[in-house]
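Let's take a walk through this structure together. Have a look at it first, and then we'll start with a pair of helices.

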Amino acid sequence: MTREQNEVRNYLRWYARQDLFAPIEKWVTRVMCGTFACNLFLLVLAVTAAFAMPEIQEHRLKTSLLARSIWIGQMNNSDKHFSPEKLNQLRETLARYLPESPPQVSGFHEVVLPLTLNQGDRLQRFYGRTVSDGDPLLQDLKKRQPEINSQFSGIIASDSLKEILKFSPGNALELQLQLEENSPEPIILSLPCRHVENLRLPNGHSFLIREAAYRELYSKGKAAKASNYVLQLPWDEFVELEELLEDDPEFKDCLSDVRTMDAAGVLRLRSSEQQYVWEWKDRFKKLSQVLAQVKPDGFTPPDKWNPQPEDLTLAEWIPPQTGFHNAEVRVNSVDDLSKAAAACREAGYPADDVLVQQVKNVQDSGRVLRWAVGIISALVLVSSVIVVAALQHLRWRQKTPETGMLRILGIKTQELGAIQNHQSCVLWLYSVFWVVAVWIVTASVMPFLFDTAEAEILLTVSFVVTLVVVAVALPLIRIALHFATRTARSISPLDALLGNDS
Amino acid sequence: MAITWCFQLRKFEFRYQPGHKPILVANELDIPAGTVISVTGPSGSGKSTLVACLGLLRSIQAPEGTLVFHSTDGLQDYGTLPLSQAEALRRSRFGFALQNSYLLPHLSVLDNLTIPLALKGLAEKDRRAMGTEMLACMPDLLDRQDAPVSQISGGQKQRVAVLRALIHGPDVVFADEPFSSLDQHNENLMLDSLLNWQRGEIGRSEGSEQPTRTLFLVTHNSKVAATAGQFRLSIQNGELNLTRNTNAVESMQ
């Protein structure tokens, strides 16, 4: 480039800026820049929302302790209880569905605690579940809150229980646990309680407790008292049973207090010593084995006896020693949830579809949102271009005589193009300046509105979106100005001078 | 002194639309170079159209015949002239002083005056120096050289426009009734400026040869037409007729 060409280039740039920021022009320029900047920032917001919000929702799901879990089984349906064999069968079925990342399967019990929240308050029952020492959920909890170690003997409160108890995160509480509700002298124990942030439990559960801690709790409270159990047996069967077991030393004690209650043949068994409920259940199991050997077809199967406590005592809630009420299937990714649910169904355990549907909904809504925002973004871009082009067209229409004069003075068509290009760059720079400034302000506020991980997602996505929008804005504004100034550049110099631009 | 032509028209007819009645007709016309040519004719006769055609301000849509410009760069046939060449001629060879000043309102007096120099690639410092020198003979404009043109009078604007047509040292200046908004004193001042330029007393570097400069002076003022121009180009019913202006030649002599 020769020195003269360089001078001309510098002059054209200077002229372009003068043309934009002369006192009578600067308000039009500000309106153009402001409109364009607003549209660009709206675009940044919309696209960021479209891409970041589903990411945040997925992030919330993934970081939720139970988002990758499916709970199966029913507490009061003994047919569906999970024996170790059933758990293994379930693992095999799951491994067929998800061979590359087989889910972890662990059993748990649904349990209940009667808590007195405040002195003199009514006793309230809270449902929860146990976690065994090898449970992946407990491992995740330990990672979040190291004080919840393998020896933690209290309860881990969910968000809902935290709301009820009204204690701040990280605080430990001592709760009053009252065992033996109907006893004239209730057994009251103190129970440590900790809250884990974002612990939301399904099935109305409000706490987790280590299984060993739960058993220990009742052992401490000497809750394992004798309990009257009612067996629903026909009278004739009861008589036969009495005869069969009369001389059996193992059952002698328990049969010593046998009483008939009514004509329907209700059998009451009372142990002579204080025993845990599961010991009662073990006794029934052995009894069923004996009966199966002696009279394989003649008796109501013992597993249908369904022994129930006559008096409602907490001892009934002590879970069985073997097997579990429920099982938790823990997948490695939320994307595996639907396959895991299908595997559970195939294995005969209806899986709760809520979480699967939730993940699917998040992904579906993300797709819908992106489409919607794609269309809105396109409209915003088109409207921006139209607004800028219209304003610039009006300005150039008004300035057509000036353009004509420049052409009469010998300005080249490409030099007019250079002025227009430089004006595009200046308008772009001013618009982008405001977009970036507002982005910086917004970004600095984000950590106060969202948690760290979510703020990071928003910052990352919005930063990339801002870069893309800023990059796209320049050619758009050049296109807008090209169309706006086309007429003034294409007509003859005299027509331009006289404003004959039609 | 041998007079060469700067424009040559042969069987030239100009129409706004094909098939329409011709606006300008010249069967055989050589316009001499290095002279002052008064362009006269009644209103609507086509004087401004002639300036637009010769100055390449209007695209000649339906040309018939030929229109050739002769400059130191050679012959330029308007019928085949590319756009870039037309722009180059307007930039370096031609100067225009029109009925209205057409100054750019957001620029100062000096910035308006020096636009042709900027387009030729002169540095800002040189432009300012030349512009200030040009304004030296007009103290009122010199004092206001950095003021926006919106703050000067109509007459001052017109004078700036006339000086702008001369500042870059063109070969041909088209002055299309440039004195219409000037009082007699300023009209004389501007006419003198144009004639001085034509004679090479303005815009000529020291030691350089006498330039061949042609001035087209479109005017309704019969006195100016009779005294200022060595030639008179009259337009009657579109017909171009070039005659030597004896009075002017005598006055010049």
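In α7(B), the residues B:G155, B:R159, B:V162, B:L163 and B:L166 meet B:N186, B:M190, B:S193, B:L194 and B:W197 of α8(B). Meeting here means that the C-beta atoms, placed from the backbone, lie within 7 Å. Helices are DSSP runs (H or I, at least four residues), numbered from the N terminus. Sorted by class, this contact has six nonpolar residues, three polar and one charged; Ala, Val, Leu, Ile, Met, Phe, Trp, Tyr, Cys and Pro count as nonpolar, Asp, Glu, Lys and Arg as charged, and the others, Gly among them, as polar.

How do the two helices lie? The axes of α7 (residues 154-166) and α8 (residues 184-198) of chain B come within 10 Å and cross at roughly 5 degrees. The two are therefore roughly parallel to each other, a label for angles under 35 degrees.

Bear in mind that this is a predicted model, where local features need pLDDT of at least 70 and side-chain atom pairs 80 or more, while totals for chains, interfaces and linings use all residues. Residues are numbered from 1 along each chain as its sequence is written, with chains lettered from A and ligands numbered from 1 in the order in which they are written.

Now for the partner chain. Chain B and chain A each bring 23 residues to their contact. On the chain B side, α2 (83-92) and α4 (115-119) each supply at least two residues, and α2(B) gives the largest share, six residues.

Note on methods
Contact = placed C-beta atoms within 7 Å. Axes fitted to C-alpha atoms, helices over the stretch in contact; angles between N-to-C directions. Parallel < 35°, antiparallel > 145°, perpendicular 65-115°, else oblique.
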